[in-house]
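Here is a short report on a protein model. Look over the sequence and the structure first, then read on for a guided tour.

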Amino acid sequence: GTLKVSSSLSWTGAELYMEGSGSLVVQSGATATLAGSGTIYVRGSRQFVTEGTTVLSSGNIDLQEHSELKNTGVFKANSEHPPLIGRGEESSLLLNTGTFEKTEGTNVGRIEPKFENLGTLNAVTGRFEIEKPVILQETENQYGGSENPSVSGSQPHATCGRKPVSC
């Protein structure tokens, strides 16, 4: 089923498991504060959707078993815990059509699953390292503009030809 957060959600525990089909939706106008000491596991085709504002200030998220993290709002990826967004399987996806940003901390925010960025990717502090960017078109700004994007793996970034994506 679907669990909708219409006001606020605060997680401060160790590990959290979101399993099975369905979704957790942080609705527009709502805020989720993820400040746990461990990993949030999203698996079993589960979707974690943020339409409002989600702040990951500690811990990390691990996408497994065809799961997806979909951001259409604001996702503040401020945790210093590596990897920031991990992956258990190749089929997992982080889809950003909103604003995905790092506004605190100086470490590298490593994103391991496939990352499709159709919104804004901004590292105000520190930087992001995108292991598996999904290149849909050769644009200057899909992964942060021509001044700083690149791609890891065997294929160079479509715009600048460097590896890995660091913004």
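R43 sits in the loop between β6 and β7. This is a predicted model. The side chain of R43 makes a polar contact with the side chain of Q64, at 3.3 Å. Leaving aside neighbours within four places in sequence, R43 is in contact with Y17, M18, E19, G20, Q64, E65 and S67.

**Loop residues with positive phi**

Phi of S45 is near 65°, a positive value in a residue other than glycine. H66 has a positive phi too, near 70°, and is likewise a residue other than glycine. H66 is found in the loop between β9 and β10 (68–71).

How buried or exposed are these residues? S45 has a relative accessible area of 40%, so it counts as partly exposed. The table sets them beside two other residues.

| Residue | Relative accessible area | Class |
|---|---|---|
| S45 | 40% | partly exposed |
| V124 | 52% | exposed |
| L56 | 0% | buried |

**Two contrasting residues**

V124 lies in the loop between β16 and β17. With a relative accessible area of 52%, V124 is exposed. Not counting residues up to four places away in sequence, V124 touches K102 and T103. V124 and T106 are 18 residues apart in sequence, and their C-alpha atoms are 9.5 Å apart in space.

L56 belongs to strand β8 (residues 53–56). At 0% relative accessibility, L56 is buried. Which residues does L56 touch, not counting those up to four places away in sequence? They are L34, I61, F75, K76, A77, N78, S79, L84 and I85. W11 is 45 residues from L56 along the chain, and the two C-alpha atoms are separated by 9.7 Å.

**A parallel sheet**

β8, the strand of L56, is part of an open sheet of six strands. The order is β2-β5-β8-β11-β14-β16, and the pairing is parallel. Which strands stand at the edges? They are β2 (8–11) and β16. Each has a single partner strand, so one side of each is left without a neighbour in the sheet. Neighbouring strands of this sheet are turned by 10° against each other on average, direction ignored.

β11 and β14 (residues 99–102) pair in the parallel sense over three bridges. K76 has E101 in β14 as its bridge partner. K76 is also one of the residues that L56 touches.

**β4 and its partners**

β4 has parallel partners as well. Four bridges join β1 (residues 2–5) to β4. Within that pair, the bridge partner of L3 is L24. Another four bridges join β4 to β7, also in parallel. Here S23 has Q47 as its bridge partner.

Both faces of β4 are covered. S23 and V25 are buried on one side, and L24 and V26 are buried on the other.

**The core**

In soluble globular proteins, nonpolar side chains tend to be buried together. The largest nonpolar core here has 27 residues. Which residues have the most contacts inside it? They are F48, I61, L69, I85, F100, I111 and F128. At least two residues of this core come from each of β4 (23–26), β5 (31–34), β6 (39–42), β9 (60–63), β11 (74–77), β15 (108–117), β16 (120–123) and β17 (127–133). Two of the core residues with the most contacts, I61 and I85, are among those that L56 touches.

**A cis peptide bond**

The peptide bond from P82 to P83 is cis, with omega near -15°. P83 is found in the loop between β11 and β12 (85–87).

**The whole protein**

The protein has zero helices and 18 strands. Of its 167 residues, 47% count as buried. The accessible surface comes to about 7,300 Å², and 44% of it belongs to carbon and sulfur atoms. Among contacts between residues at least 6 apart in sequence, 37% join residues at least 24 apart.

Key. Residues numbered from 1 in each chain as written. Predicted model: local features only at pLDDT ≥ 70, side-chain atom pairs only at ≥ 80, totals over all residues. Heavy atoms only, no water. Buried < 20%, exposed > 50% of the residue type's maximum accessible area, 1.4 Å probe, protein only. Contact = heavy atoms within 4.5 Å. Areas by Shrake-Rupley, 256 points an atom, 1.4 Å probe, with all protein chains shown as cover. Core = buried A, V, L, I, M, F, W, Y, C linked by side-chain atoms within 4.5 Å. Polar contact = N/O pair within 3.5 Å; in protein donor to acceptor, adjacent residues only side chain to side chain. Pairing = 2+ DSSP bridges. Axes fitted to C-alpha atoms, helices over the stretch in contact; angles between N-to-C directions.
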